[in-house]
Amino acid sequence: ETVEKYAHPLNRDFHQGTVVLSADGKEVFYTQCGSNSTAPVDYCQIVYQRKTGEQWSDPMPLKLGVDTLNYLHPVLSNNGKVLIFACNNPRGFGGYDLYYSIKMGAKEMAQWSEPLNMGSRINTAGNEVFPYLDKDSLYFSSDGHPGMGGLDIFKSIKKFKRWQAPQNLKAPLNSGGDDFGLIIDRVNPIQDDFQSQGYFSSNREGGKGSDDIYQYMLQYPPPPDTTNTVDSPAIV
């Protein structure tokens with residue numbers, strides 16, 4: 001395996017990260033921190049680019065409201081119409097909250113709605129960051145929900161158009177350190193006795209140093225043990 005760097009204009013003289021591509025691979029959203037501005041503080045923005053042929057457009061920051069806030073970690077719904085991200089808006093529940101914005105208009109001239117807070121089931125007085133969507137499941141990291149220490153990875157399932165109470169994914173996925181940035185690998189083949197595989201980042205003890213990337217593989221639960229069961233008596 002080799003690692004290739006994206007050429008300009010995707011990579012520039014700023015910090016870029018947390019990239020998400022549209023389903024057709026022609027749109028990209030990512031976090032960019034820093035700018036050419038002489039302002040004393042450079043805030044993080046969510047930047048958009050569109051691919052025509054083999055050429056990417058120049059980066060265009062999304063207009064999501066107040067430009068003196070940090071907008072981080074974008075993730076796009078499968079239909080490309082909803083963008084979920086983290087923001088440190090002081091009107092939220094505290095720290096970084098998860099917000100969503102709805103796409104309006106044609107692809108080339110699309111605008112995004114004013115960010116909407118995802119509510120108190122998802123957000124806390126702590127930080128909710130690094131969202132990831134997998135169909136009707138939302139994964140994210142939080143240090144505000146009860147956890148094992150630092151940032152833990154949580155899962156919330158959408159039922160009847162509402163996100164349910166998040167569930168801590170527990171050990172060994174979570175640890176006493178920061179665990180974040182989970183993604184599910186839907187591209188590479190998976191062994192028959194596993195139901196999913198993917199990657200996440202963690203600064204837990206035993207790594208190479210600071211934040212490391214880890215792979216996980218989730219097995220199917222074992223079948224129930226029926227060796228000691230007793231047949232129920234017939235009802236007469």
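Which residues make a nonpolar surface patch of about 240 Å²? They are I102, M104 and L116. For patches, residues must have over 30% relative accessible area and no salt bridge; like charges are joined within 9 Å, and nonpolar side chains (Val, Leu, Ile, Met, Phe, Trp, Tyr) within 5 Å. Accessible areas come from the Shrake-Rupley method with a 1.4 Å probe, and for residues only the protein chains shown count as cover.

Colleagues, some remarks on the source come before the rest. This is a predicted model, in which local features need pLDDT of at least 70 and side-chain atom pairs count only at pLDDT 80 or more, while totals for chains, interfaces and linings use all residues. Residues are numbered from 1 along each chain as its sequence is written, and side-chain values use heavy atoms, with hydrogens and water left out.

I turn to the chain as a whole. The protein chain has 18 strands and 0 helices. Both are DSSP runs numbered from the N terminus: helices are H or I of at least four residues, strands are E of at least two. Of the 236 residues, 39% are buried. Buried means under 20% relative accessible area, exposed means over 50%, and partly exposed lies in between, with a 1.4 Å probe and protein chains only. The chain exposes about 15100 Å², and carbon and sulfur atoms supply 53% of that area. Contact here means heavy atoms within 4.5 Å. Among contacts between residues at least 6 apart in sequence, 39% join residues at least 24 apart.

M104 belongs to strand 8, residues 97-104, and counts as partly exposed because its relative accessibility is 42%. S113 sits in the loop between strand 9 (111-112) and strand 10 (116-117). Is S113 buried or exposed? At 14% relative accessibility, S113 counts as buried. Beyond its neighbours within four places in sequence, S113 contacts L64, S101, I102 and M104. A polar atom of the S113 side chain lies 2.9 Å from the backbone nitrogen of I102. A polar contact is a pair of N or O atoms within 3.5 Å; within protein, one must be able to donate a hydrogen and the other to accept it, and residues adjacent in sequence count only if both atoms are side-chain atoms.

Next, the interior. A nonpolar core is a set of buried Ala, Val, Leu, Ile, Met, Phe, Trp, Tyr and Cys residues joined through side-chain atoms within 4.5 Å. In the largest such core, of 18 residues, L98, M118, I122 and L138 touch the most other members. Strand 6 (71-76), strand 7 (82-87), strand 11 (128-134) and strand 12 (137-142) are the elements that give two or more residues to this core. Setting aside residues up to four places away in sequence, M118 touches I84, L98, Y99, Y100, N123, L138 and W163. A second, separate core of 14 residues includes V20, F29, L64 and C87.

I come now to the charged pairs. How many salt bridges are there? The count comes to 5, where a salt bridge is a side-chain nitrogen of Lys or Arg within 4 Å of a carboxyl oxygen of Asp or Glu. One of them joins the side chains of E27 and R50, at 3.9 Å from N to O. E27 lies in strand 2 (residues 27-33) and R50 in strand 3 (residues 44-52), so the pair ties together parts that are 23 residues apart in sequence. E27 counts as buried at 5% relative accessibility, and R50 counts as buried at 16%. E27 also meets K103 in a salt bridge, at 3.4 Å from N to O. That pair links distant parts of the chain, with K103 in strand 8 and E27 in strand 2, 76 residues apart. K103 counts as buried at 17% relative accessibility. Together, E27, R50 and K103 are linked in a network of salt bridges.

Another salt bridge is formed by D179 and R204, whose closest N and O atoms are 2.8 Å apart. D179 is in strand 16, and R204 is in the loop between strand 17 (194-202) and strand 18 (212-219), 25 residues apart. Both D179 and R204 are buried.

Finally, I183 also has its place in strand 16, residues 179-184. I183 counts as partly exposed because its relative accessibility is 41%. Not counting residues up to four places away in sequence, I183 touches Y132, G198, Y199 and Y216. I183 and F200 are 17 residues apart in sequence and 6.4 Å apart in space, C-alpha to C-alpha.
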